[in-house]
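Q: I would like a close look at one part of this protein, with the cut-offs spelled out as you go. Could you walk me through the surroundings of a single side chain and then widen the view?

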Amino acid sequence: MSTKKEKQKTYYESIIEKGYSRRDFIKFATYMTAFMGLESSMIGQVVKAMETKKRIPVIWEHFQECTGCSESFIRSDHPLVADLIFDHISLDYTDTLMAASGHNAEEAKQESMKENYGNYILVVEGAIPIKDDGVYCTIAGRSAIEILKESAAGAAAILTFGSCSAWGGVQAAYPNPTGSVPVDEIITDKPIIRVPGCPPISEVMTGIVMHYATFGVLPELDALGRPKQFYGKRVHDSCYRRPNFDAGLYAESFDSQEAKDGYCLYKLGCRGPVSYNACGTMGWNNGVSFPIKSGYPCIGCSEPSFWDNSPFVERLTNVPGMGIEATADKIGKIVVGAAVGGAVVHSIATNFAKKKEIREAEKRGEENEKNIKA
């Protein structure tokens, strides 16, 4: 935690002070550049930014949630990513991780928000109940609604970590007895980045913080307000079981030999064809696995209202002809539901834009190389 008297360090200074070498620092910059979906020519700019820019003040609020997003964030297997929360950002307030409590904690938050007004990042974990004046989530006698509005007033941007703050969460499941809503239904005058997942991947959260820290702007977002570099593809598109799906090879039951051999889990309820996330490309626990690789179908936890789409072990729709000729795009045309409609539109738009994005990426790479040499 930062203190009032502490001199604000740059990212590089905090990394070296922690005991890492210059080589470790360069590896970290390269690692984060790749995770942010940037060309290799951008590494020099990321390095320069981390060497010169001060750590970003962060206020992290917790409301209706299980703290799973914080748990995910601090359990990254990459050492420098794991240290980010303590050493590479100025985490001035968080209910879960700060040593101070009570009045001391609240004073630290108020002081940071005042000194960094307009420049700090607000991270919100958890939904906000609005029924009965928000009495279903109160902290020190104040409702989550009141606290959120106060904390958001001076924020430069808001990151909603997890599906609770992004979409409303499981507590917003029908009939939503507490009236839980996502952040953007209360705060409408601030840039908001949705980082959904139950919980999100730790490196995804880290990558978004580092993107803002490096470039001072928000990453490019999709139509639902999610960073494209992490939510631009369906889980299905990067799934290692996809070849078996295309070949019409499906597991018919859990823990069967077919499931262990990597057969597609679509018939067991997998929502991969309609869910956008980086699980298949990044994985969890240093890329070791993700739910599908562990033998359980994707439940679409990064999508709006996923909690009302149960039971999760039933296939999306009972449509015949899902044999060798089937593809995810064909399934997208026949599966009903708003989420599927969005998936189809997203897929078509992505295909049309691919060539344009490649041309733009090549142009940016050339410009970045010139800037780095200059």
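Leaving aside its neighbours within four places in sequence, which residues is Phe 161 in contact with?

A: Happy to take you through it. This is a predicted model, in which local features need pLDDT of at least 70 and side-chain atom pairs count only at pLDDT 80 or more, while totals for chains, interfaces and linings use all residues. Residues are numbered from 1 along each chain as its sequence is written, and side-chain values use heavy atoms, with hydrogens and water left out.

Neighbours within four places in sequence aside, Phe 161 is in contact with Trp 60, Cys 69, Val 123, Val 124, Glu 125, Gly 126, Val 195, Pro 200, Met 205 and Val 209; contact means heavy atoms within 4.5 Å. Phe 161 is also one of the residues that touch the most other members of the largest nonpolar core, which has 46 residues; the others are Met 50, Leu 159, Val 195, Val 204 and Ile 292. A nonpolar core here is a set of buried Ala, Val, Leu, Ile, Met, Phe, Trp, Tyr and Cys residues joined through side-chain atoms within 4.5 Å, and buried means under 20% relative accessible area, exposed over 50% and partly exposed in between, with a 1.4 Å probe and protein chains only. Helix α9 (residues 202-215) gives the most to this core, with 7 residues. Apart from it lies another core, of 20 residues, among them Phe 63, Val 124, Ile 186 and Ile 187.

Next, the strands. Helices (H or I, at least four residues) and strands (E, at least two) are DSSP runs, numbered from the N terminus. Strand β7 covers residues 155-161 and runs parallel to β3, with 6 bridges joining the two; two strands pair if DSSP finds at least two bridges between them. Val 123 has Leu 159 as its bridge partner in β7. Strand β1 (residues 57-62) is also parallel to β3, joined to it by 5 bridges, and Ile 59 has its bridge partner in Leu 122. In β3, 6 of 6 residues are buried. Tyr 120, Leu 122 and Val 124 are on one side, with Ile 121, Val 123 and Glu 125 on the other. In a regular strand the side chains alternate between the two faces of the sheet.

Glu 125, one of the contacts of Phe 161, lies in β3, which spans residues 120-125. Glu 125 is buried, with a relative accessible area of 1%. Its side chain makes a polar contact with the side chain of His 62 at 3.5 Å; such a contact is a pair of N or O atoms within 3.5 Å where, within protein, one must be able to donate a hydrogen and the other to accept it, and residues adjacent in sequence count only if both atoms are side-chain atoms. A polar atom of the Glu 125 side chain also lies 3.2 Å from the backbone nitrogen of Cys 69. Not counting residues up to four places away in sequence, Glu 125 touches residues including Trp 60, Phe 63, Thr 67, Ser 70 and Ser 165.

Finally, Met 50 leads from the largest core to helix α3 (residues 43-52), whose buried residues are Val 46, Val 47, Ala 49 and Met 50. These cover an arc of only 165° around the axis, so they sit on the same side of α3; the arc is that of the directions from the helix axis to the C-beta atoms. The face turned away from that buried side carries the exposed residues Lys 48 and Thr 52.
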